[in-house]
Amino acid sequence: DIKFQSNGSEVASIDQAGSVIAAGTISSTGDTTITNGDIVFATAGKGICLGVTSNTDANTLDDYEEGLHECTITMGTGSATLDGTKRYLRYTKIGRQVHVCGQILIASVSSPDGQMQISLPFTVSSAEADFSVGNYRTLLVDTPNDGVQAVIYSNRNTALANLEWSRDSADKTHERATNGGYYMFGLTYFT
């Protein structure tokens, strides 16, 4: 390899295959400016260490992903089917943290009862400290008369979240899968 340096720092190189590696500048202060392209690691398992002077796992950003998750729904008993086009959730995963949001529409039901669960794009952490709770909104849904607040929460060590209602001075009550009902939510959880 041929390496080019400025003030003792490498600013570009030509590898054995003849590829020139230079897509920005490295200033004498150590700042790097990328003018073209992206930072791409040659092998998996690499990351960017933030706010530290040595490589520590806790400070390494080693995962980022955006996408659409095709959601599925399950009931304690009976069944519910999601609409063909309103079943996708958008997600962003940064490190261990996942934010998922979207709106689903129940297309049909068959005697649904018990715990209503939706699928998540990644498996939830099994750690007690990583328990995550969010809220959701319903439209055209037969809500429980004594429900106080709609709650969505992640199930540890699964890729599932429960939808249910908290109640005043009482145990929870399960969400009802209603034919033609919309469920809009956002949840942030950890893998």
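Which backbone oxygen lies 3.2 Å from a polar atom of the side chain of Asn135? The one to look for belongs to Ala150. Keep in mind as you look around that this is a predicted model.

Let's stay with Asn135 for a moment. You'll find this residue in strand β14, which covers residues 133-139. Asn135 has a relative accessible area of 43%, so it counts as partly exposed, a label for values between 20% and 50%. Setting aside residues up to four places away in sequence, Asn135 touches Gln149, Ala150, Ile152, Phe185 and Gly186. Leu163 sits 28 residues away along the chain, yet its C-alpha atom is separated from that of Asn135 by 8.9 Å.

One of those partners, Ile152, leads us inside. Ile152 is among the residues with the most contacts in the largest nonpolar core, along with Ile104, Met116, Ile118, Tyr136, Tyr183 and Tyr189. That core has 28 residues.

Now pick out Tyr189. Beyond its neighbours within four places in sequence, Tyr189 is in contact with a run of residues from Leu120 and Pro121 through Phe122, Thr123 and Val124. Its other contacts include Arg96, Gln97, Val98 and Val100, as well as Ser132 and Ser154.

Finally, hop over to the second largest pocket, which holds about 150 Å³ of space. Its lining includes Phe41, the residues Thr43, Ala44, Gly45, Lys46, Gly47 and Ile48, and then Leu61, Asp62, Asp63 and Tyr64. Sorted by class, that lining has 5 nonpolar, 3 polar and 3 charged residues.

Definitions and conventions. Residues numbered from 1 in each chain as written. Predicted model: local features only at pLDDT ≥ 70, side-chain atom pairs only at ≥ 80, totals over all residues. Heavy atoms only, no water. Core = buried A, V, L, I, M, F, W, Y, C linked by side-chain atoms within 4.5 Å. Buried < 20%, exposed > 50% of the residue type's maximum accessible area, 1.4 Å probe, protein only. Contact = heavy atoms within 4.5 Å. 1 Å grid on protein atoms, 1.4 Å probe; cavity = no way out; pocket = protein on both sides within 12 Å on 5 of 7 lines; lining within 4 Å. Points joined across faces, edges and corners; volume = space filled by probe spheres on them. Nonpolar A, V, L, I, M, F, W, Y, C, P; charged D, E, K, R; others polar. Helix = DSSP H or I, 4+ residues; strand = E, 2+ residues; numbered from the N terminus. Polar contact = N/O pair within 3.5 Å; in protein donor to acceptor, adjacent residues only side chain to side chain.
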